[in-house]
Every structure is written in structure tokens, then in C-alpha cells.
Amino acid sequence: MSPKTFSGQCYCGATRFHAAKPPSIVTYCHCTDCRRVTGAPVAAFAAFDISAINFSPDARKFATITTGVKRGFCKNCGSPLTGQYDYLPDTIYISVGLIDQADDLPPALHAHVGSKLQWLQIDDDLERFPTSARSRLNE
């Protein structure tokens, strides 16, 4: 993947982020929680090493609705910025749509396809997981 660094921002631009390393994986997620937090029929997230991400300013507001999942939002505009999962403690997920270099980040798999909207059809050859893709995310 290129470029070597990645950057992005929330909707209003008040919260920016930079990643010193590329994401370990980019995934689609069809679960109800991800659809609700993004407002989209399917979400796409890039998984970064938490130590490689810098928020400026780091003024996120956090919410935990689902046990073991902490989500970060811009305090100013409310944009969903991050997702962190207890089972992946060193990883932070950022919505691909927020990343300036999103064109360089094609998803590698589909998670939670058992929960996908029936009318949504994405025609690709990516690996599909009926529920969590934890087995691939922990690699």
C-alpha cells in the first residue's frame, strides 16, 4: 500500500489524524452496530496499530454501547472516528471514508455477512465471514 503515511479528518475538520504506518487490514463490516454508527448500508474500516496513530487535537468523545467496544467521535461535529475492541487491544479502526488516501485502501474481506442488508449486493471475490472475522484480524 502507498503512501507510507495516512491522514484524515472528521466532517468539520476540527479533529485530524495521522498514521505513521499503513493499516494492517481494511475490511467491510455488515453488522448492525457498524451500520448504525456510520449511517451507511455497509461500513468499511482500516485497522491501524494504535501506537502509529496521532489525533490532533485528541478531543474525541467516547461511547460504549456494546460491551467490549469503545467508539470515538468528534466532540465538535459528532463524526464517528474510531472503534476499539477489547479482543484487539493494540488496534484502532478508522472509517475509510475519513481517510484522505481512501483510494489506496481497498477492503480485503467482508465481516458479518449474515447480518447484511438483503438488497445490498457487492460483487467481488473477497473472503466472506458469516459473523466476526476475528480469525483474520488477529493475524
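Good morning. In the largest nonpolar core, which has 17 residues, those touching the most other members are A46, F48, I53, I94 and I99. Two or more residues of this core come from each of β2 (16-19), β4 (43-49), β5 and β9 (91-95). Please bear in mind that this is a predicted model.

Let us take I94 as an example. Not counting residues up to four places away in sequence, I94 touches F17, A44, F45, A46, F48, I53, F55, L81, T82 and I99. Another core, of 16 residues, lies apart from the largest one, and A47, Y85, L109 and F129 are among its members. In soluble globular proteins, nonpolar side chains tend to be buried together.

I turn now to a charged residue. The side chain of R60 has two polar partners to mention here: the side chain of D58, at 2.8 Å, and the side chain of T82, at 3.3 Å. With neighbours within four places in sequence left aside, the contacts of R60 are F55, F73, K75, L81, T82, Q84 and I92.

Finally, the backbone. The peptide bond from S56 to P57 is cis, and its omega is near -15°. P57 itself is placed in the loop between β5 (53-56) and β6 (60-63). In the loop between β10 (109-111) and β11 (127-128) we find H112. H112 is not a glycine, yet its phi is positive, at about 60°. With a relative accessible area of 23%, H112 is partly exposed.

Thank you for your attention.

Note on methods
Residues numbered from 1 in each chain as written. Predicted model: local features only at pLDDT ≥ 70, side-chain atom pairs only at ≥ 80, totals over all residues. Heavy atoms only, no water. Helix = DSSP H or I, 4+ residues; strand = E, 2+ residues; numbered from the N terminus. Buried < 20%, exposed > 50% of the residue type's maximum accessible area, 1.4 Å probe, protein only. Core = buried A, V, L, I, M, F, W, Y, C linked by side-chain atoms within 4.5 Å. Contact = heavy atoms within 4.5 Å. Polar contact = N/O pair within 3.5 Å; in protein donor to acceptor, adjacent residues only side chain to side chain.
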